[in-house]
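Here are some notes for your reading of the model. Please keep the structure open and find each residue as it comes up.

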Amino acid sequence: MTNRAPAAPAAPAAPERRMWPLYAAGFTTAFGAHSIAANLGAHSAGAVTSVLVLGGLLALYDGAEVLLKPVFGTLADRVGARPVLLGGLLAFAAASAVYAVAGSPGWLWAARLGQGAAASAFSPSASALVARLNPAAKHGRAFGGYGFCKSLGYTLGPLLGGVLVWAGGLRLLFAVAAVLGAAVAGWAALSVPVVPPLPKERQTVLDLARRLADPAFLTPTAALAAATAALSVGVGFLPVSGRAAGLGTVTTGAAVSVLAACAAVVQPRAGRALDERRLTARTGLAAGLALTAAGLACATLPGLTGILACATLTGTGAGLITPLGFAALAAVTPAERLGQTMGAAELGREVGDAGGPLLVATVASAATLDYGFGALGVVVGVGAVVAACRRPVARGCEPQGRGRPENPEG
């Protein structure tokens, strides 16, 4: 990308203990989104009176993220990512406590909106700090660990949320979310070093548009969106395919767990392979998209074989894409603009999260679910071809201003 600032001074990577609060922040946003969403419809009869109301409550969290992640990402560049991270975690705890204390339907709406807005602050800030606190040579491993913990939140959220709701109702789940947000905020305040904002040149709207339209930004962001779309479709529609094939809920639930487990297990390994130069971002993204497209195609096969093949290949492909996509974005972004870039990339993922199921549902309503899976598979497959044909960027030739992380306590 153009108009880059002078390089930042080199510094060693942050100790591993400094990274764990950031990984915990990734777990928190995933747990907050999925644990409550999975239990709203069945365990909040007083607040959820119709499918329309349920849809509105589910949309509040994601809608807030779509609107606010780029805003808070830019704010993190302006005032520093650490204050936005801490403020977002504390706001998440406060929003969760609102419904835990009040418990009325009106406060449930306010709590979900507040949780989504707070996650919009601390999620891109955590991603930016993962990049700032590690040199480019360790970005793959760092983002692999972050993605692994986030995948754990997505995987365990519905299960742990269900146990908590069974034990004490929806208010207990919100209370645990409040304690989790406050605990991670305290941990981050004690462990994450101060990373001051970097001076930067004035950026016009046209400069921002040019930067976000650069293929170096668009390619990994589109890959991240495709991976998120495929995961969302797998979680939402594989159980439907299972029921149509006469499979029980336990079997289809296990298949969805395979999807999430593959994504979680592959991410650290993919990041490590990138850092050790056994894999390039271009090759990894193309391979991940190809595996994801193949997985979606397998969903059209009959019975348990097709469902398990879809879950395994799609989860593996998404696990490849996620750490490599974020590492590629960090490698081509000036350090002073990391928050803005991560916020925009997170917005791309939210678009994929909503757009993938919408595409599949639209095609399935006009034809069958198999055609819906196939349509998304074609889109992802085209992305794999584009990623494979894109001109590679030499490793170690990151943009000026990327430099090494500022870690005064390292």
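1. Start with Glu276, which is partly exposed because its relative accessibility is 40%, a value between the cut-offs of 20% and 50%. This is a predicted model, so read every value here as computed from it. Glu276 makes a salt bridge with Arg278, and their closest N and O atoms are 2.9 Å apart. Arg278 counts as exposed, since its relative accessibility is 57%.

2. Look next at Arg277, in the loop between α9 (249-275) and α10 (281-298). Its phi is near 60 degrees, a positive value in a residue that is not glycine. Most residues other than glycine have a negative phi. Arg277 has a relative accessible area of 62%, so it is exposed.

3. How many salt bridges does a search of the whole structure find? The search gives 6. One of them joins Lys69 to Glu346, with the closest N and O atoms 3.2 Å apart. This pair links distant parts of the chain, as Lys69 is in helix α2 (residues 51-79) and Glu346 is in helix α12, 277 residues apart.

4. Are Lys69 and Glu346 buried or exposed? Lys69 is buried because its relative accessibility is 1%, and Glu346 is buried because its relative accessible area is 2%. Lys69 also forms a salt bridge with Glu350, where the closest N and O atoms are 3.3 Å apart. Here too distant parts of the chain are linked: Glu350 lies in helix α12, 281 residues from Lys69 in helix α2. Lys69 and Glu350 are both buried.

5. Now check how the helices pack. The axes of helix α4 (residues 105-132) and helix α12 (residues 338-366) come within 8 Å and cross at roughly 130 degrees. α4 is therefore oblique to α12. The crossing of α4 past α12 is right-handed.

6. Finally, which residues form a nonpolar patch on the surface? They are Leu156, Leu159, Leu160, Val163 and Trp166, which together have about 530 Å² of accessible area. Leu160 is found in helix α5 (residues 139-168). Leu160 counts as partly exposed because its relative accessibility is 36%.

Conventions:
Residues are numbered from 1 along each chain as its sequence is written. This is a predicted model: local features need pLDDT of at least 70, side-chain atom pairs count only at pLDDT 80 or more; totals for chains, interfaces and linings use all residues. Side-chain values use heavy atoms; hydrogens and water are left out. Patches are made of residues with over 30% relative accessible area and no salt bridge: like charges are joined within 9 Å, nonpolar side chains (Val, Leu, Ile, Met, Phe, Trp, Tyr) within 5 Å. Accessible areas come from the Shrake-Rupley method with a 1.4 Å probe; for residues, only the protein chains shown count as cover. A salt bridge is a side-chain nitrogen of Lys or Arg within 4 Å of a carboxyl oxygen of Asp or Glu. Helices (H or I, at least four residues) and strands (E, at least two) are DSSP runs, numbered from the N terminus. Buried means under 20% relative accessible area, exposed over 50%, partly exposed in between (1.4 Å probe, protein chains only). Axes are lines fitted to C-alpha atoms, for helices over the stretch in contact, and angles run from 0 to 180 degrees between N-to-C directions. Angles under 35 degrees count as roughly parallel, over 145 as roughly antiparallel, 65 to 115 as roughly perpendicular and the rest as oblique. A crossing is left-handed if the near helix is turned anticlockwise from the far one by less than a right angle, and right-handed if clockwise.
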